[in-house]
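Please open the model in your viewer and keep the selection panel at hand. The tour below moves from one selection to the next.

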Amino acid sequence: MLLEALDGDETVVFTAAAASVQVQVEPVGRWFEAYVKRRNRNASASFQELEEEEVSSEESEDEEFQLEEYPMLRTLDPKDWKNQDHYSVLGLPHLRYKATQKQIKAAHKAIVLKHHPDKRKAAGEQIVEGDNDYFTCITKAIETLSDPVKRRAFDSVDPTFDNAVPSKSEGKENFYEVFSPVFERNARWSSKKHIPKLGTIESSFEEVDNFYSFWYNFDSWREFSYLDEEEKEKAECRDERRWIEKQNRASRAQRKKEEMNRIRTLVDTAYSCDPRIKKFKDDEKARKESEKKAKAEAKKREQEERERARQAELEVARLAKEKEEEEAKQAAQQAKKEKEIQKKAIKKERQKLRTTCKNWNYFADNEADSVKMMEEVEKLCDRLELTSLQSLNEILASGSKEDSKTAVDKQVQEVNAQLQREREAEVQARQAARSADQASGGGGAGGKGWNEDDLQLLIKAVNLFPAGTNARWEVIANYMNLHSTSGMKRTAKDVINKAKNLQRLDPLQKDQINKKAFEKFKKEHTSVPPSIDNAVPSERFDASGSDGNAAPWTTEEQKLLEQALKTYPVSTPERWEKIAAAVPGRSKKDCMKRYKELVEMVKAKKAAQEQVAAKSKK
């Protein structure tokens, strides 16, 4: 700092001041430590004030410090010093773990001055020699409480500490009065300094959650080395010392586990009895119910909105459909009217054409030509359209007979030429279809591998095994393989292809095949083969009735026969005469032959089905 100039003098700076430089200084030292402590405790006192406060507090404690004489001190057994209460021995039962080292030393000093063997001996008291004097208990107490590690071990098993856990019945009646002192009592074992309080009924959810989170994750410093049954210092060798350490570690771990289970039981019991938890759960349940209800209402509104939109769309679609139907209906009515008008016009033009040709006598000189021309005119009426008919009638109305005949002949030639082209196209289409069938291996009656007998047998099998038969086409194929004379083995696929080809045949070919089949059936059933051994034919199949009715059975006759067979069983006398009387137009022999054919057909059908079933099982 520059000195102040005197009167009449001036201050002169001979060198320029250096620029300021920022230097980073690391905070260390006791003053910084005091600052950190004040900041953590939100205090503003200086370090000196803190030291003075600490000293003053210790002095006040010393002033208030009082010893409580232990009445059982003289009766203690020095050999059982480990089970004694060291705080009571030193006269500090009221302070216990809260006693400071200074108080412990002061108490020890006072106890020694009073109970030291030399003092008692000087007072004329008889002293026990060696370590058997009760003063040894005082020595063990100060050794334990003056060592922080040993004192911590003894405090962990403090005999005056209450380890009891309240029951649920006790906690439900007076929750806060019962559990608050228990948690405060067990808080002394916490490794952390700031311990949350149990709180009151007005505590918030965050405070309650913080409390139970702390205790469910409780970190206890309590350990049980003081209760070790074996002392490793007494071991005679290293192996024995290791064994003792192992036993002690196991017993400590077991007691630590029991302690943590006790704390957990305490927290669980408090949690189950806490009325705030029930309140929070009820609030949460009500909140979820309200959210669920709101969500359901929102979903319901959304569904209703969608339903309204859908109904609106349906209404729009319905109106559009009704409009389209109305337009279509009007268009159909208009088309119908136009069609009726056109139909009347065509009818009028046809009648006009017929009348004109009739007036000209159909442009013929004789009756035969007239009839022929009449047919041609009818053909024109059927084939020509309205415009063509109108043009032709105009020519006939304005022209002469020769011109009219020429116009009619011209139209007839054009119509006949068109009909001829249509027939040729149809024939070509049939031939192409027939060629395609033959190329695929499934030709008509003369196709490769299929003769007329096989075709007739296929038609019979298709009628014998109608639609609905189990494995129908396999049954038909087996039936044909059993009864075919060509020796060709047919599969279900071959039978299906041929049946489809037969359906595509024109009616003339079908009629020819059916006619041949009927002729063959008639031939086989009207002729009786000669007997080999010249045996006399039986009455049932004699040749006297060969001239009977050989016509095929109709559906009505078949129904009458089946009903008669049911009406007259085998035990009925003169059964076949009664059956023949029930079927008009049929003799006894006809009925018996028909019955035999039906029996053979049923047997063949069963055999084919059994064969298919056997193959499917394999």
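Select Glu327 to begin: this residue is partly exposed, because its relative accessible area is 44%, and partly exposed covers what lies between buried (under 20%) and exposed (over 50%), judged with a 1.4 Å probe and protein chains only. Glu327 has its place in helix α12, residues 275-359, where a helix is a DSSP run of H or I with at least four residues, numbered from the N terminus.

This is a predicted model, in which local features need pLDDT of at least 70 and side-chain atom pairs count only at pLDDT 80 or more, while totals for chains, interfaces and linings use all residues. Residues are numbered from 1 along each chain as its sequence is written, and side-chain values use heavy atoms, with hydrogens and water left out.

Next, move to Gln66, which sits in the loop between α2 (47-64) and α3 (86-89). Gln66 counts as exposed because its relative accessible area is 58%. Show its surroundings and you will find that Gln66 touches Gly91 and His94, leaving aside residues up to four places away in sequence; a contact here means heavy atoms within 4.5 Å.

Finally, zoom out to the whole protein, which holds 22 helices and 0 strands, and in which 27% of the 618 residues count as buried. Among its contacts between residues at least 6 apart in sequence, 65% join residues at least 24 apart.

Notes: Helix = DSSP H or I, 4+ residues; strand = E, 2+ residues; numbered from the N terminus.
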